[in-house]
Every structure is written in C-alpha cells, then in structure tokens.
Amino acid sequence: MRKVFQQRSVTRALTCIALLRVSGCRGKQNVLDVAGPQAEGVAHLWTGFLIVMSIIWVLVAIATARAAFKCTTQKLIEPPLPHNPSQNKFLTWVVGSLVGVTTIILFAFLFGEFFVARSASAMSQDVNALNIKIIGHQWWWEVQYMDAVASNIVMTANEIHIPTDRTIQLQLDSADVIHSFWAPNFEGKKDLVPGHPTLMWFKASRPGSFRGQCAEFCGMQHAHMRFVILTEEPSKFEQWLADQRKSAPDPKTDEQKRGQHVFMTTTCIMCHSIQGTDAGGLVGPNLTHVASRTMIAAGSRPNTVGHLAGWIMDPQKIKPGVLMPQHTLTPQDLRALLEYLETLK
Amino acid sequence: MTTPAVEHVNQLPGEQVDPQAHHELDRTWTPAHGFIGWLVDTNQKHIGMRYIVTAMIFFGLAGLLALAMRIQLAFPENNFLSADKYNQFFTVHGMTMMFLFAVPIMEGFGLYLVSLMIGTRNVAFPRLNAFGYYMYVFGGIFLFTMLFLNTGPDVGWFAYTPLSGPQYSPGKRADTWSQMITLTEISALVGATVTICTAFKQRAPGMTLNRIPIFVWAEVITSFMIIFAMPAVMLASGLLAMDRLVHVNTHFFNPAEGGDVLLYQHTFWFFGHPEVYIIFIPATGFVSEIVQTFSRRRIFGYTALVLSLIATAFIGFGLWVHHMFATPIPLLGRLFFTGSSMLIAIPSGIQIFCWLATLLTGKPQLKTPLLFVLGFILLFVMGGLTGIMQAAVSVDRQLHDTFFVVAHFHYVLIGGAVFPLFAAMYYWFPKWTGRMLNEKIGIWNFILLFIGFNLTFFPMHILGLQGMTRRVYTYVPETGWGNNNLLATIGAFIIGLSVLVFLVNVIVSRKRGEIAGPNPWGAPGLEWSTTSPPPTYNFLYVPTVDGRAALWDQTKDTPVIVGLSHDKREVLTTTLLDARPDHRYELAIDSIWPFVLAIITSGCFIAAIFTPWAIPVAAVLAFIVLGLWFWRGNEPKFLVERLKATPGAPPPEVQRTFAAPNIVAQLKPGQT
C-alpha cells in the first residue's frame, strides 16, 4: 500500500480526474493542493478511500441497474412467488461473504487512519518547534510569536508568516466564542474552544501564499474570518520576524504627524495598538506593521489605500455586524491618517 | 382530511358485508362534525395524516428558505440576502428539516400505518396522541412566527454555546431555538410512546414478534431511539434556556464561571447523531415494504434486516463524538469513535445487500414507488461511502464543517430518507384516499428530483475539497467557488420544480385519480385488507395472521375475531411476544383537553422566554386540565351520545376482563 502511496503523481492525477478538473486542483485554499506532510498523509488516505469507495459504488450501481432492467412494466400485478429455501440458502452465503468483505475493508481503513494519525502526531515531540499563539476573536485572528524574552514577542493579526521545513506549534485559544482554525493546505482544522486551550502542529514544505478561514460558525461575520499563511525560506522569515520586533517608525512629514494625531485623538486608539506610541488597545488587531500585510479586515479586502479608506470610514458596509464602528473623519483627516498608516511597514 | 367519494365497503375476500355492524362501529368511532369535532378528534388516521400534511408544509417552507440561500450563494459577494438574514435562514432551514419535517413525518406515517399494519382499531393513548400533534404544530407556528418577526434563531440548528449564550446572543433569537426544541421534542416523545405501546400490545392475534412487518419494527426501534435521545437534547436546550433566562442566569455553559462549552456539545450530539438514524430507520422500513411488494417475493433476510435495524439503533448512540473530532479531545478517544463510526456501515450494508438480493431474485415490477427506491439505493450508498471517509479522524478534520459534509448529509438524508418518503407517498396514497397517484407524473417527479438533487449536491463535494466552509453567507471571487455554486443553485430550483410536480400530482389525483380498490399493489400487509380509505374503525373484524407476509400467507380458513363491543371504543390487546389475545381494552373517547393542555404547555414555553413566572402559573393550570382530562364522566353530551348503543344492538358478549383469551375473543372460522 505504501508503494502505491509513494507514486504521488499517480494519486494526484487520479484525484484530479475524479474531480473532473472543474476548477483545477491548484487553488489557494485546497485540501488536495498539499503544502505540508500532514495534509499529504490525509490526501493519500483520502485518495485510497476515493478509489475503494468508487469501486464499491460502481458495483452497487451495477447490481441496481440489473435489478432495474429485470423489472417488468406491465400493468397487471403478478401473484407472489412461492417460498424457495434453496435459493435463500445461496443468498445467505452471498450476503454473508459480502458483509465479510465489507468488514475487512473497514478494518484496512481503520489501520490506515491509525498510521496517518500517528505519523502526524509525531511532530508534537519536536523541541525546536516555532511557537505561535493564535487567539480567535469575532471576527479576526490574533497572532503572537512567542519568545522566552517577553519584549521579543511579536504581535500581529490575520497574516501568519512561517518558515518552511520547521515544525510549527500553534497554541489555540479563543477570546469569545468557538472558532476553528483551518489551513487546508497544511493540516485539518482544530477548534478554538473557550476554556479549553489546545495545541496543533504542522510543517510547510514549500514557500508560497495560502489561505485559510474559520470553520466553526461564530456569528454574523463567520464568512469573513479569513487569514493568510505566507511560507518563506527560513532566512527570509527570520528577517521578517526581526522587522516585526521593531517599534513603529515615528512620523516624519507634517501630513504623517497629523495622521498620527488623528489616530491618537479619535476612536482608533481605544481598540488598536501601535508599538512605540501611546496606542495600546487590545480589542482590535495590532497595527504596528499594518502596512506590511497583504490583506485587511481578516482577509476580506486587499491592503490598498482605497480599500483601507473604505474600511475605516464604513466597516459595516464591508462586514456588516463587525465590532469596528463607522467614522466621520474630514477628508483631510482621513488622507492624513492613511498617510500615517502607510508608514507602518 | 376529507375523504373522496369512494364507498366504504369492507372487501375482505369472500366476506359478507354486515351493514348493521358497520353502522354501529361507524357511529362509535367517527368523530363529531364541525370545527369542534376536528379539535377533539383522536382518530389515529386523522392525527397521522395531520402530521404528514403539516410536515410537508414545513418541508415546503424550509425548501423556500434553502432556495433563498442558494440564490445568495450562486455568485460570489452576492447581495440577495444580508448576513443577518442568511444566518437566520440556514438556522431555521436546519431546525425545520430536522424537527418539523423529518422526525414528525416519519412519526406521522407510523401513527397512521402501524395500527392498520398490525390489525387494530386505534392507537394506544389516543388523547395523548392528539396532544402530541398540537404540541408539534404550535412549536412550528411559533418558530415561523418568530422568523417573520425577524427574531428567528441565528445560531445554527446546533446552537453551540457560548455563541448562543446570553453574552453573545442578546435578544430573544436563541431563546426561540431552545423553547421550540423543547416543545417539539415533547411531541416526538409522545408519538414514540404511543407507537411502542400500540405495536407491542395491540397486534392482531398470530402476529408474533418475528412476524411484525419490517416497517412496524422500524417505527418501534425509532421510537425507542427517540425515548433515549430526545431527553439529551431537552437537557441541552433546557440548561441553555436557564443560562439565558432573566432572573435565573445559571452558568452551565459559561467558561468564565466554571461552566463548560464542550458539555453542551456532548449532550447535543448524544441526541444529534441518533437523530440521523431516527430519520433514516423508518425510511428503511418503507424500502423493505416496497421492495417486498414489488419484487413479488417475500423479503430476503427478514431476521438480518430487523437485527440490522436494532444494531444501527445501538451503535447509533456510540458515535456522537465524530461530530467533535476537531475539538480538543484525546486522540485515543477519537480513534474509538472512528471504529464505531465505521462499524455502523456494516448493518447498513447488510440492508442494502438484502434488498438487492430480494430484487434480483424476485420478479420486480417497475412502479413509481420502486423507481424511487432504486434511486434511493444509488444515492444512499454514495452518502454512506462518503460517511465512511469522514469516520477517519484525520480525513474528517479536513472535511468537517465544509461543503463536503453538506453534500454527504444531504445524500444521506435526501437520498436516504426523502426518496423513500416519496416512494412511500406513492405507495400508500391509494390507501389514504382510495385513488392512485398518476404514474406518468410520478416518473417526471422522480426524474426531476434525481437530476436536480445530483446537480445540487454533487458539486458540493468538490467545493468542500476546495476549502469552502459551511454556513458562510458569501465568499470572495478569488476562491474559485463560483461555478460549482451556480450549478448547485440551478439544481436546487430543479428540486423545487419536482416538488411542485408532486404537489400537482396529489391535487389532481385526489379528485380524478384511478380508483384504487383495497389492494392495488397486491401487497402482503394487513393494511391492504381493509377498504381504501379505511373506515374510521379500520377493520370490521380484527384479523388474525398466519405468517410474515400476512395477506400472502392467508388461507381460506384464516379466522377473524369477533366479540369487541360496537358501542364502546374497544380494542383487543394481545401478549407481547406471541400476540395471544389477552383482554379487551376500552379507549378514551374524544376530548378537548389535549388541545387545551397543548395551548397551556406551549404558552408556558413561549412566555418563559420573557418571565420565569410563566412556569409556576402554567404548572397549576396544567394540573387542573390534567384533572379534567382523566375525570371520566365529565365529557360533553354531544360526544357521549354518539356512543350510546344503537337500539336493537346485541349487548356485549363478555364483560371487560383480564381472564383467559378464549373468553375474551371468539374465533369465527371460515369468515375470510
């Protein structure tokens, strides 16, 4: 069985054929576009299921079709057939063997599952794992890169940078209701249950940009609780992490200074943090390096000035029910604020 | 239900119609006329048919909600429904399909058919039965009223805490969920109790435990599952209601106060998984009956089929954790539930093999009911196989809460229960109305449903693998989910069309359908030995049974039972195992009190959303009404007078007694 599984291209091709290539297998958020060893194990197990189950279904369909072709369509109802003990004896034997075969197939898959789950959990022993804390909020993801030195802890949101080929250990917790962290290209989902902090492990095998999203219904904006995982070469990742540890740069131009003043004197400061300034709110995402992110509003819109302006003025239009209020800034104030936020790289 | 113009003639082969007996029984058993008569009615066929018609109305309403959701999802970032409306719609769709359609309609079929299939005149506890229906319909009206008032629950049909708790769901929406659940579950428990007692104590003499029709077995097993599963969800909804209720504010599910949100999930899914089998097992009962009739051969593997149903019911209680594979629970525990989830494929497999064996060795006749059953086999097996995939924890953690699961359980519930349900409608419609449903329209109904269903739900498998999660009101275009969603939406409208075709068929055939006669399919069940539609008292004489296929095994000498009173609502009770005549039992007459009690009880649940004082007040009122309910001799005159013995009728041959069977019932040989 392992030998079959090792022929990755074969299984990949089979899966693609099975999916009729309706929109191709290489999506951004896809169970079968694997980018890590766990997802790969699951994809193999799934392909095994798909092949065996398809065969079983075709056999049942053939039997059903035979029954259908045996049917008469006459209007007259025939008298019932008499008892036929010898036929029943034969049928008992046939049905009995089919049940036996079913049981054997089920046991094979039970063992398959056992080995896939065991190899996936082996990662939990890795002492060099990168430790990231994920806290679910309605409706965004708080991300903390843990470090023994408290001042080295990096806080960000909705965008998770990870190095390739290193075990990632996620500490999952929730600040409000149950959420579920799901990055299908790497590993199955895990629920963030308030009162039950938990751990999960995965590894990325290639650099790239992948999407994930909340998989447990968590209220009005469950649909817009997405995140991005950016996998990078370890050196590039270390560079990114070092940049993130820096405080936000001070505003240089007058426009930027005015922007910072707007931030500090309106409702922004009540919920958001910018490291190195007086803003220390913990209700909303940390904005220290917001300009370095690719998406805003938990993966709902690309991070461009236009979208950011729209989001600040009327977040309820993009994500109705989101906890961020609408704002009434003068155009000048808004332009200055955007100018300032753009410096937070 | 009004009956079309088909003559009530008892057409047991060779039997002389006894107009005097018919007149007396009719007088005793027919409910009073008019609206009041409708409210006090306790006839099981009328109650059963009300369940079926009401459940089909809710099926239509929930289907309309589904169409609205499909329009919203047809295109990325569509604006047909707001997030708020969508969340209410998917919650109410799920609640309605589970609590107001699937379970009640299966119980409704049971309440209508079980007494006919086992050869008795009414169900045990007819007043309780009426009470159950009113509870159900009040629960349904309550839910949809709240939805129209924009107070429909928006926390999912599972209403996970803490999202449904007081902190994250202020307002009354989640209360609507918890009270409506408790209301309708009372109705389910009532129906289950009635079904079990009827099937165990009122079977026709000779119908020993191993001769009960498989559909009756299915209803009995389902009823036992209801009795064990429903209290779990009532516990969950009750504790949630207490957490939310003003002035009570317990903290069962509040982690900040030491409560536990996983406790809620365990109690919910301990009900939630058996619920699937509560819906599916009666459907397999339909399939067994229909396969047997149209294969023109006795069902192969009767014992194996019944034992499979019992095994399904037992194992069904041991795999609720597979709904919680993504929660923080220990790995070893999860593997146990993987094993048990795979195990349940074995009894389901046995049933499929037995049905196919029966069809392949019989002389099958292709009528609409069998067509739906063949469709059922293809779709249910597919849903079952994708279910086995999800039994594996690691695969499930990828597929859980995605559209793959949506596809899977619609294959199991529509393929596995709605297709058999349509088969059963086509099969028993002649018995209910005396007229056949149109076969040609039936074929179109099937083709549209089959195509529409696959077009809707097959693409959802792929959407799930592409990462589309459930319960999202919209998605961004970059995901590439647009095409498959559009296909699904088109399919959903084809399903809607096929349901319309069915509705047209029912309306047309009720007035103009071919006259059915007592047994149009040449079926073996006892229900086919009486007229179509059956008289209010079901059988002129209580039949006796010689074998599993009652009418096929009948001989010229099969006796019938005489000696039950004509001026009392008497039924013959028999022993549990061997169905030997035991004693005559007089059922209560029609009464308004079940209706009044249902108003008080449901009023209590609804008022308790606003004030806890509703509970003590309603308790006192309910106590008074129950007193009146059980107080014999206070029934209004117009109900009692209907039962007065007709002048000239012979006095009852024996008094009501617990004595030996030969005193109670006289066998009248040669009457068939």
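Select strand 6 and strand 7 (residues 187-192) of chain A: the two form a hairpin with three residues between them. Strands here are DSSP runs of E with at least two residues, and helices are runs of H or I with at least four, numbered from the N terminus. This is a predicted model, in which local features need pLDDT of at least 70 and side-chain atom pairs count only at pLDDT 80 or more, while totals for chains, interfaces and linings use all residues. Residues are numbered from 1 along each chain as its sequence is written, chains are lettered from A and ligands numbered from 1 in the order in which they are written, and side-chain values use heavy atoms, without hydrogens and water.

The pairing of strand 6 with strand 7 of chain A is antiparallel, over four bridges; two strands pair if DSSP finds at least two bridges between them. Phe181(A) has Lys190(A) as its bridge partner in strand 7 of chain A.

Colour strand 6 (residues 179-183) of chain A by accessibility. Five of its five residues are buried, meaning under 20% relative accessible area with a 1.4 Å probe, protein chains only. His179(A), Phe181(A) and Ala183(A) lie on one side, and Ser180(A) and Trp182(A) on the other. In a regular strand the side chains alternate between the two faces of the sheet.

Not counting residues up to four places away in sequence, Phe181(A) touches residues including Trp141(A), Leu172(A), Met200(A) and Phe227(A). Along with Phe109(B), Phe181(A) touches the most other members of the largest nonpolar core, which has 270 residues. A nonpolar core is a set of buried Ala, Val, Leu, Ile, Met, Phe, Trp, Tyr and Cys residues joined through side-chain atoms within 4.5 Å. Helix 4 (residues 83-117) of chain B gives the most to this core, with 22 residues.

Move to the open sheet of chain A: five strands in the order 3-2-1-5-8, with mixed pairing. Its edge strands, each pairing on one side only, are strand 3 (154-157) and strand 8 (198-202) of chain A. Within the sheet, strand 1 (residues 130-137) and strand 2 (residues 140-145) of chain A pair in the antiparallel sense over six bridges, and Lys133(A) has Gln144(A) as its bridge partner in strand 2 of chain A.

Key: Buried means under 20% relative accessible area, exposed over 50%, partly exposed in between (1.4 Å probe, protein chains only). Contact means heavy atoms within 4.5 Å.
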